[in-house]
Amino acid sequence: MSIETTFSDSIVFHGPLSELYQLAKEGKIKTSLQGSHTRPCKFWTATKILSGIQNSVIIAHGPSGCAFGVKKAYKLTNSRNSGSPYEAVISTNIDMKGVVYGGEKELRGAIREVDNKYRPDVIFVSTSCATGIIGDNVDAVVDSLKDEVNAEIMTIHCEGFAGEYRSGFDLVFKQLVRLMEPRDPERTAALAKSVNIVGGKMGPERTEVDTDVKELVRLVEGMGAHINSVIAGNCTLEELKNAPSVAVNCTLCLDLGYTIGKEMKETFGTPLNSTILPYGISATERWLREAAKYLGMEAEAEALIASEYGAIQQEIEDARAQLEGKLAIVEAHDAIKALSIAHMLEKDFGMRVVIYNFHPWSTEARETSIDYLLETGMDPEVLITKGTLKFGKYESMKQTEEELLAFLGSVDPVSTVYFGSSLSYPAIPVVDLNAILNRPRFGFRGSLKVAQCILTSMQYSFRPRSWLTKKMVFPEQSQGLASASSLTPKWSEEAPDCTLYAAERRKGRCMMN
Amino acid sequence: MYDELEFSHCSHSKDPIIGCALEGVANVIAGIKDVSIIIHSPQGCASTVATAFDKHEIDFTRRKVGCTRLFETDIIMGASEKLAGMIREADRTFNSKAMFIVGTCSADIIGEDIDGLCREMQPEIKARLIPVMAGGFRGDSFAGIDMGLEALLPLIPKQEIKLVNKVNLILPQSNLNPTWQADLLWVKEVLREMGVDVLSVLPHNMALEELEEAGLASANILLSHDAGYKFVRKLEERHQIPFILGDVPLPVGLSNTARWLRAVGRYFGAEEKAEEIITRGEKLVVDTLRKRALMIIPRYRNCRVALSADATLGIGMVRMLFEELEMIPELVLLHSGTQEARELLVNELNELGLTPGVAFSVDGYQLKQAISEAKTDVVIGSAWEKYMAEEAGIKTSFDLLSPTNRDVYMDRAYFGYEGMLNMLEVFGNDWERSYRSKAINWEQFA
């Protein structure tokens with residue numbers, strides 16, 4: 001049996017993104033995640049966004065484990081990375097008695113205590129599975145205390161069973177708008193040259209930390225404008241209140257940024273600049289030009305673009321000359337990043353892109369970004385293999401690795417580049433944009449960084465991949481279930497940013513700066 | 001005796017520093033080889049289970065976890081069929097010898113009959129099904145450890161005979177000691193030297209079948225002051241296996257290590273060997289410190305210390321800090337609060353003539369308050385307490401312990417003689433970092 005025949009047996013879908021999108025919408029391809037493909041629940045994602053608001057306290061109404069988990073993952077990591085003061089995540093510590101008799105009394109007491117002892121600007125009361133099921137009337141408790149406590153207070157209904165993980169992000173971004181104050185002439189005038197970057201998450205995620213966002217801030221300021229706030233990336237209540245009065249909201253993550261941006265547009269009329277993650281020159285130019293329209297700074301934007309692009313033009317053109325027409329396989333474990341990188345590779349470098357193992361589930365979670373790509377004339381190929389949909393982790397599963405290798409067996413290895421985790425093992429140049437040297441990845445400098453990365457990978461592709469790492473990641477007795485992602489939870493928690501690798505221990509500062 | 005700290009504003013709200021019962025139960029299961037876990041829960045609880053596996057440092061190839069991912073309709077209508085489907089799929093895929101079916105908050109509250117379902121399905125499932133209810137509201141992760149160990153009890157058959165000089169080590173890893181694996185090796189090694197074999201380590205890297213032999217042990221040694229007491233008492237009651245060394249702190253520091261070794265020696269008739277290990281160990285420490293530590297130890301003399309630790313390491317450290325390093329434990333903040341740990345600490349403090357401020361089962365707020373108000377010179381804890389110390393204006397903190405040991409990566413023991421040297425190495429390095437010259441505010445000398 002030839003490799004091609006073997007491989008064709010393992011394909012679930014191979015075609016344009018638009019076709020996959022249509023199949024998913026019509027229910028003709030399975031979009032649900034397997035029980036082993038665990039993602040954070042709605043409670044985690046909601047509290048992740050809330051963790052990015054300074055001097056706020058989250059009261060997780062439920063058993064202590066929920067609060068401890070999110071605090072460890074987000075608040076402590078933030079504290080470690082940014083050097084910001086440690087902020088509590090409170091639990092009402094509901095026990096068996098609370099489950100039987102209800103926990104409203106505990107919640108009432110907790111709200112008063114938190115207001116008194118932490119003196120926060122905002123208290124967010126988030127519901128957990130336990131208190132959601134027993135039916136505590138959290139809204140009534142919160143409403144009854146609104147006049148009594150000094151902090152602003154808001155309920156977030158985010159029981160873990162109440163939706164997919166994406167729903168927690170959307171929920172909070174929509175609700176944060178309620179903390180904002182309407183545009184008024186004075187504030188609008190004061191913030192006429194300011195923007196909000198919306199859809200950010202102040203957590204350990206690599207797309208949100210330090211260098212990428214800072215690069216966007218540098219570009220906005222380079223144009224002569226200001227940043228009012230990165231929402232919700234370490235923003236203050238004051239910034240949130242002023243947020244509707246800026247000239248324009250610019251999305252960071254298109255999908256999440258669109259949620260809050262649309263809400264703010266409908267509620268306050270704040271203009272929205274929503275483009276895909278600013279990976280690459282064309283996306284960055286669009287991001288800046290759209291922002292400039294609302295800032296009345298078109299000329300400044302053009303000058304900035306000319307100057308920034310001018311600084312990298314030669315190298316980018318050299319890179320394009322080497323990359324044009326080559327095949328790019330883009331690993332799709334992070335769907336939003338895969339779509340954005342696909343956009344960059346096709347638009348900036350003229351590569352043919354195949355997005356590998358874009359889980360059909362992602363079509364629901366990333367509708368906004370997919371719509372954007374399709375509307376702007378891009379329709380990359382998607383390849384989904386059986387391993388993606390199998391019980392067991394799909395990220396870097398041994399089966400998907402073998403399927404990838406089988407697929408590459410039928411393409412020209414000399415003119416193909418793989419964009420994904422360094423823990424994948426195709427015998428072609430591998431570009432890992434999470435590697436610590438590739439910062440920033442947004443903006444013009446980011447484009448150059450990515451281009452340099454690709455060229456370095458190509459230059460040294462003669463070196464065999466590390467047998468040591470391969471043996472570690474894909475053990476012989478793994479029954480096909482071994483997953484590199486299983487390696488990462490602890491690692492990602494403990495080494496979330498390249499600050500760890502800095503020669504000196506410089507909390508909150510990245511070695512790239 | 002001690003002065004138990006009182007905190008206002010803490011009766012309804014907690015800033016937890018340990019996980020929930022689910023994490024504790026998962027910690028026990030994670031220590032068993034060739035098993036899989038199905039959690040009947042919304043998807044977020046899988047992160048809690050992953051944390052338990054992380055703490056165990058389980059090889060990722062051994063992580064076989066499935067989650068029923070409950071949603072609203074499941075909560076309303078029940079999800080037994082969904083769970084049954086998941087069990088079948090996991091049995092086919094994971095091919096494990098046993099499968100723990102764990103109900104978390106949601107399944108627990110809506111009353112899913114996991115016991116009944118397991119009984120009903122067992123004939124068609126290859127893996128042995130073991131149901132456990134572990135709603136997070138049933139307690140913290142220490143309580144969860146006790147629940148997980150309790151689930152193992154029925155799997156230990158009664159044995160008529162006891163094997164001489166064979167022990168079980170009860171090692172509930174979620175006592176959060178970051179160096180527990182190396183500590184375990186040290187314990188095994190000194191026991192071996194004293195002619196004592198370890199039958200099983202509950203629960204670490206053990207096959208389920210090993211439980212069949214656990215009943216043959218002539219003694220149980222609990223390597224925790226935070227959890228596991230109920231389990232060893234039940235083993236004593238049901239299997240007539242004595243729980244030994246319960247009245248001495250674990251082997252942390254020179255004096256406690258010697259006490260612990262002598263107690264082992266007395267029980268197993270290996271007093272001479274114990275003395276030999278003590279003499280050798282103390283010589284190692286003294287010789288090493290003579291070369292390396294004359295500049296370290298005098299720095300800390302009479303400095304007032306806030307110690308934030310689990311009881312397992314914390315109780316042992318009090319004597320080491322006071323007697324051997326001549327520091328003054330001003331605050332002892334323990335993460336758990338078993339009655340046994342309280343009694344042991346009282347004994348230690350009375351013997352030492354100390355009356356520090358003490359708090360049990362502390363949370364983040366209490367830690368911060370106590371550290372801020374006591375105005376100690378040094379904080380010994382984790383990276384977390386280090387941030388708190390910084391905010392309280394305390395320059396020196398030693399990042400030695402869990403729960404959030406993020407700045408120091410150690411895989412060496414804290415127990416025993418080399419363990420003490422390992423701790424001092426962290427002390428020395430952290431002290432140097434605290435006083436890097438670039439951090440000195442030169443204007444103060446102007």
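**Exercise 1.** In this predicted model, work out what B:Asp74 and B:Lys82 do with their side chains, and sort each residue as buried, partly exposed or exposed.

*Solution.* Start with the distance: N to O comes to 2.8 Å. The cut-off is 4 Å, so the pair B:Asp74 and B:Lys82 passes as a salt bridge. Next, accessibility. B:Asp74 has a relative accessible area of 11%; buried means under 20%, so B:Asp74 is buried. B:Lys82 has 31% and is therefore partly exposed.

**Exercise 2.** Hop over to chain A and find how A:Glu266 and A:Lys262 are placed in helix 13, then classify both by accessibility.

*Solution.* Step one: helix 13 of chain A covers residues 254–268, and both residues sit in it. Step two: they are four residues apart, about one turn of the helix. Step four: A:Glu266 has 56% relative accessibility, so it counts as exposed, while A:Lys262, at 36%, counts as partly exposed.

**Exercise 3.** Check the pair A:Arg187 and A:Asp184, and say which class A:Asp184 falls into.

*Solution.* The N to O distance is 3.3 Å, and the side chains meet in a salt bridge. A:Asp184 has 26% relative accessibility, so it is partly exposed.

**Exercise 4.** Which residues are linked with B:Arg259 in a network of salt bridges, and how many salt bridges are there over all chains?

*Solution.* The network links B:Arg259 with B:Arg319, B:Glu323, B:Glu348 and B:Glu351. For the tally, searching the whole structure gives 46 salt bridges over all chains.

Conventions. Residues numbered from 1 in each chain as written. Chains lettered and ligands numbered in written order. Predicted model: local features only at pLDDT ≥ 70, side-chain atom pairs only at ≥ 80, totals over all residues. Heavy atoms only, no water. Buried < 20%, exposed > 50% of the residue type's maximum accessible area, 1.4 Å probe, protein only. Helix = DSSP H or I, 4+ residues; strand = E, 2+ residues; numbered from the N terminus.
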